[in-house]
Amino acid sequence: MKKLPAVIIYQQTQDGGQELRYTLRGLKNISNWNGTVFIVGDRESWFSDKVNHIEMKRCAGRKHRDVYAKIRKIIEIPEIAEDFIFLNDDFF
């Protein structure tokens, strides 16, 4: 089974990233996750050095436009493998 990095699109919320914490904890249950995490978007103060953060400001307009712009950014980043596990911060 091929092991893949996880890529999460994140937009800061008033809960301080609590849903994101649950998602990060839940990654250990994905059998083909390789242990690498990339978060694209906003940053929380509690991010550790185990998180690869790619800062990207929010796009004006509707939420789906912001997600689309971040996905386009993800595929242009050479450090992110061609195949990856794509998540939002509130999957788990």
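I took rings of Phe, Tyr and Trp (its six-membered ring) as paired if their centres lie within 6.5 Å, with planes under 30 degrees apart called stacked, over 60 edge-to-face and the rest tilted.

I note that this is a predicted model, in which local features need pLDDT of at least 70 and side-chain atom pairs count only at pLDDT 80 or more, while totals for chains, interfaces and linings use all residues. Residues are numbered from 1 along each chain as its sequence is written, and side-chain values use heavy atoms, with hydrogens and water left out.

**Ring pairs**

I counted two aromatic pairs in the structure. Tyr-10 and Phe-47 make a tilted pair, 6.5 Å centre to centre with 55° between the planes. Tyr-10 is in strand E1 (residues 4-10) and Phe-47 in the loop between E2 and E3, so this pair ties together parts 37 residues apart in sequence. Strands (E, at least two residues) and helices (H or I, at least four) are DSSP runs, numbered from the N terminus. Trp-46 and Phe-47 make an edge-to-face pair, 5.1 Å centre to centre with 75° between the planes.

I then checked burial, where buried means under 20% relative accessible area, exposed over 50%, and partly exposed in between (1.4 Å probe, protein chains only). Tyr-10 is buried at 0%, Phe-47 is buried at 9%, and Trp-46 is partly exposed at 24%.

**Asp-42**

I placed Asp-42 in the loop between strand E2 (33-41) and strand E3 (51-55). Asp-42 counts as buried because its relative accessible area is 14%. Leaving out residues up to four places away in sequence, I list its contacts as Tyr-10, Gln-11, Gln-12, Phe-47, His-53, Met-56 and Arg-58; contact means heavy atoms within 4.5 Å. A polar atom of the Asp-42 side chain lies 2.7 Å from the backbone nitrogen of Gln-12.

**Surface patch**

I found a nonpolar surface patch of about 270 Å² made by Ile-71, Ile-75 and Phe-86. Patches are made of residues with over 30% relative accessible area and no salt bridge, joining like charges within 9 Å and nonpolar side chains (Val, Leu, Ile, Met, Phe, Trp, Tyr) within 5 Å. A salt bridge is a side-chain nitrogen of Lys or Arg within 4 Å of a carboxyl oxygen of Asp or Glu. Ile-75 is in helix H2 (residues 63-76) and counts as exposed at 62% relative accessibility.

Key: Accessible areas come from the Shrake-Rupley method with a 1.4 Å probe; for residues, only the protein chains shown count as cover. A polar contact is a pair of N or O atoms within 3.5 Å; within protein, one must be able to donate a hydrogen and the other to accept it, and residues adjacent in sequence count only if both atoms are side-chain atoms.
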